[in-house]
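I opened my notebook to look around a protein model, one feature at a time. Here it is, so that you can follow along.

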Amino acid sequence: MSAVVIVGAQWGDEGKGKIVDVLTEEADVVARYQGGHNAGHTVVISDEKYVLHLIPSGILHRDKLCVIGNGVVIEPSALLREIKDLKERGIDVDRNLLISKNAHLIMPYHVALDNAHENGRGSKKIGTTGRGIGPTYVDKIGRLGIRVVDLYSPKIFREKLEGNLAEINFTLKNRYGTEGFRAEEIFDTYLKFFETLSRYVADTDIIINDMISKKKRVLFEGAQGTLLDIDHGTYPFVTSSSAVAGGACTGLGVGPTKIAKVIGIVKVYTTRVGEGPFPTELNNAIGEGLRKRGGEFGATTGRPRRCGWLDFVGLRHASRINGLTGIALTKLDILDGLDKIAVCVAYKHGNALYQDFPKEFSVLEESEPVYEEMEGWKEHTTGIKEFKELPKNARRYIKKIEETLGVSVDLISTGQRRNELIILGKQF
């Protein structure tokens with residue numbers, strides 16, 4: 001089989017965009033299976049930077065089919081801006097992009113509800129991007145969602161829209177004291193969006209399964225990361241979708257028996273954006289140094305990322321939940337020049353020691369990391385393309401990761417550029 005899932009193994013922002021971009025060289029299809037335009041994948045090609053939010057990173061290659069799956073929630077104006085930007089930069093989108101008929105649409109009222117909910121939480125904010133992602137998934141699960149396919153029938157679309165607004169406008173006015181929305185305005189705007197987007201809409205589940213049956217190489221691309229997964233992350237400080245490898249099956253309509261490999265993207269230190277527990281966070285000069293050297297600011301929001309040491313407790317959890325068959329390490333060069341590097345091998349909570357990721361939120365929030373210290377390296381690793389050329393202590397650090405997780409490291413990123421990569425094995 002030739003289907004490979006790329007999944008974030010931490011709190012997102014692991015560098016999935018670059019790895020997907022590189023593996024797309026071998027792939028025929030790249031398909032995004034969850035999330036919305038709250039995610040941002042950054043790819044640097046010949047010093048030119050691309051930030052993609054909805055469209056799979058594979059669009060930067062010629063003749064690669066790119067699919068936005070049914071598990072993704074789509075804000076039409078954001079998608080149209082992304083298409084326009086890519087076209088203006090010479091990227092052929094029209095031949096290569098497909099959108100699932102069953103993908104749900106983010107409506108203007110979802111954005112309003114997202115911000116109203118978040119502002120109403122006061123000191124208990126979740127840290128959402130305020131882009132309507134969560135409320136869209138709420139409507140999806142509540143069977144109130146509006147899907148791409150609904151726009152083929154203006155009558156059905158209008159009925160659903162008016163039904164939703166009757167309740168939503170009441171909530172916005174009476175609970176939050178804000179203005180509601182006019183159905184006519186949204187109706188006209190979204191049908192106008194659909195005039196442009198309809199050319200890309202297709203039965204993507206049929207197409208992907210057909211590709212797999214024809215032995216085509218298919219790459220499944222997730223957004224966010226395992227520790228932000230709605231079921232397996234640091235709930236409630238999580239995203240609203242299944243960011244783990246299993247989400248590829250539901251988010252694209254592909255059976256688990258058709259997946260050959262699951263590659264976990266692991267940043268060589270740990271970051272997270274927004275609120276929520278973060279046991280290895282470094283609120284000191286080392287953490288600030290990692291942030292500055294690593295350019296740790298959100299690709300979508302620009303928010304500074306919280307930085308800390310590598311966390312083996314979280315990574316063991318990610319490896320188990322996703323069934324990782326391989327690891328792609330990113331940002332190795334950011335650790336260059338450090339005298340000492342620490343890795344978290346357990347959490348301590350009172351007299352208890354946790355080597356497995358705790359489900360109890362209070363335990364996770366109050367735990368202290370148990371560190372093992374390793375020697376750093378002074379040599380530069382930027383741009384190195386052969387494992388044997390890495391500094392001895394860098395090689396030891398990588399071997400420590402492999403031994404602890406019981407998973408091989410197959411790719412190592414040594415810089416931002418596409419060619420700054422060590423490849424240790426074929427992925428297809």
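**Ground rules.** I am working with a predicted model, where local features need pLDDT of at least 70, side-chain atom pairs count only at pLDDT 80 or more, and totals for chains, interfaces and linings use all residues. Residues are numbered from 1 along each chain as its sequence is written, and side-chain values use heavy atoms, with hydrogens and water left out.

**The whole chain.** I looked up the secondary structure and found twelve helices and 20 strands in the protein chain. Helices (H or I, at least four residues) and strands (E, at least two) are DSSP runs, numbered from the N terminus. The protein chain is as compact as a globular protein of 428 residues, because its radius of gyration of 22 Å is close to the 22 Å from the globule rule. That radius is taken over C-alpha atoms, and the rule is 2.2 Å times the number of residues to the power 0.38. I also noted a box of roughly 65 × 50 × 40 Å along the principal axes, filled by the C-alpha atoms.

Next I checked burial: 56% of the 428 residues count as buried. Buried means under 20% relative accessible area, exposed over 50%, and partly exposed in between (1.4 Å probe, protein chains only).

**Helix 10.** Which residues of helix 10 are buried? I found Phe312, Val313, Gly314, Leu315, His317, Ala318, Ser319 and Asn322. That makes eight of the eleven residues in 312–322, so helix 10 is largely enclosed by the rest of the structure. Among the elements covering the buried residues are strand 1 (3–8), strand 11 (259–267) and helix 12 (392–405).

I then looked at both ends. Asp311 caps the N-terminal end of helix 10, with a side-chain oxygen 2.9 Å from the backbone nitrogen of Val313. Just after helix 10, Gly323 has a positive phi of about 65°.

A reminder to myself: most residues other than glycine have a negative phi, and most peptide bonds are trans. What joins Tyr235 and Pro236? I found a cis peptide bond, with omega about 10°. Pro236 sits in the loop between strand 10 (218–221) and helix 8 (246–252).

Asp63 has a positive phi, near 60°, and lies in the loop between strand 4 (48–52) and strand 5 (65–68). Lys331 also has a positive phi near 60°; its loop runs between strand 15 (326–330) and strand 16. Lys331 counts as partly exposed because its relative accessibility is 23%.

Conventions
Contact means heavy atoms within 4.5 Å. A polar contact is a pair of N or O atoms within 3.5 Å; within protein, one must be able to donate a hydrogen and the other to accept it, and residues adjacent in sequence count only if both atoms are side-chain atoms.
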